[in-house]
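Hi,

Here is the structure I promised to pass on to you. Have a look at it first, and then read on for what turned up.

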Amino acid sequence: MRYALISDIHANLPALQAVLRDVAAREGVDATYHLGDLVGYAPWPNEVVEVLVTAGITGVAGNYDSTVATDYKHCGCQYEDPRQEELSHLSYAWTRAHVSPRTKALLGGLPFRIDIRPNGGHVAGPTVTLVHGNHTLNTVYVHQDRSDTFLEKMGVSLGARSGDVVCFGHTHVPWHRIVHGVHYVNTGSVGRPKDGDWRASYVLLDVTGDSVAIQVVRVEYDVDAAAKGILASELPDDFADYLRQGGAERATTAPASHPAGGS
Ligand SMILES: [Fe+2]
């Protein structure tokens, strides 16, 4: 089985369309799942949700999805500085004001976690687990510099065994690491990358028997169209520059601890 895993689309319709075209052109993909954060920061929340529904793509609830759906007091984001906090509040307010009742209901209906058994549930593994942040909260940032001990505890806690695959997003930076036989895969972000590369990120996951292969794919998209959409909306103009730079500011200043991320 070959899966495409797409996360953190964040209402960026041009990026989502480019990724889905790339997936379709590969022809070998059996199923596509999203890992949440469908909305926020760009002006197409309803359109993104409709594209996913039309394509039959399901997935898990990101922090942005669950907070918009429940009218939570804030987006569940963390902040690096007062300006970023202000921008996050503006994005959250704009998104809550512009999601349709249908979109809100669809976001509210997303499960927190999905487990997939590519070889069927009649055999033990491998199991592929999809969450947004981690298995306890969709607001936990599992950054690349998390220790092996942190990842091992996470794997044990969610029931992963050697050979299994644990997939998540939320940090907007893709990476893959194996700890005690368990694959930990961050798929990066389709619509708001933060690693200094503006191209959309997603993951191709191949499971053949017990063997697992992971490939991070980067896809060029019409970032100018996305930027124009942001500039034409009442969203902060900063978000257009952020897309063009691939969140370079965050990537070049990332400290060793685990602050923020903004979404
Ligand atoms: Fe996100």
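A disulfide here is a pair of cysteine sulfur atoms within 2.5 Å. By that rule C75 and C77 form a disulfide, with their sulfur atoms 2.0 Å apart, and the structure holds one disulfide. Both C75 and C77 are buried, where buried stands for under 20% relative accessible area, exposed for over 50%, and partly exposed for anything in between (1.4 Å probe, protein chains only).

Before the rest, some notes on how to read this. This is a predicted model, in which local features need pLDDT of at least 70 and side-chain atom pairs count only at pLDDT 80 or more, while totals for chains, interfaces and linings use all residues. Residues are numbered from 1 along each chain as its sequence is written, and side-chain values use heavy atoms, with hydrogens and water left out.

Now to the metal. The iron ion is coordinated by D8 (OD), H10 (NE2), D37 (OD) and H172 (NE2), at 2.0 to 2.3 Å. Donors are N, O and S atoms within 2.8 Å of the metal (3.2 Å for Na, K and Ca), and sites may look incomplete because water is not among the atoms. Along the sequence, the donor residues follow the spacing D-x1-H-x26-D-x134-H. The angles among the four donor atoms run from 82 to 176°, and the site is irregular. For that label, four donors count as tetrahedral if all angles lie between 85 and 135 degrees; four count as square planar and six as octahedral if opposite donors are over 155 degrees apart and all others between 65 and 115; anything else is irregular.

Next, the charged pairs. A salt bridge means a side-chain nitrogen of Lys or Arg within 4 Å of a carboxyl oxygen of Asp or Glu, and a search of the whole structure finds 13 of them. Helices (H or I, at least four residues) and strands (E, at least two) are DSSP runs, numbered from the N terminus. Here are some of the pairs:

- R83 and D238 form a salt bridge, their closest N and O atoms being 3.1 Å apart. R83 lies in helix 4 and D238 in helix 8 (residues 238-245), so the pair ties together parts that are 155 residues apart in sequence. R83 is partly exposed at 39%, and D238 is partly exposed at 32%.
- D71 and K104 meet in a salt bridge at 2.8 Å, N to O. D71 sits in the loop between helix 3 (63-70) and helix 4 (82-98), and K104 in helix 5 (residues 101-108), 33 residues apart.
- R218 and D197 meet at 3.8 Å, N to O. Salt bridges that share partners join D195, D197, R199 and R218 into one network. Both R218 and D197 are buried.

Finally, have a look at helix 7. In helix 7 (residues 223-232), V223, A226, A227, G229 and I230 are buried. Seen down the axis, these buried residues fall within an arc of 160° (taken from the directions from the helix axis to the C-beta atoms), so they line one face of the helix. They pack against helix 1 (13-26) and helix 8, with contact meaning heavy atoms within 4.5 Å. The face turned away from the buried side of helix 7 carries the exposed residues K228 and A232.

Best wishes
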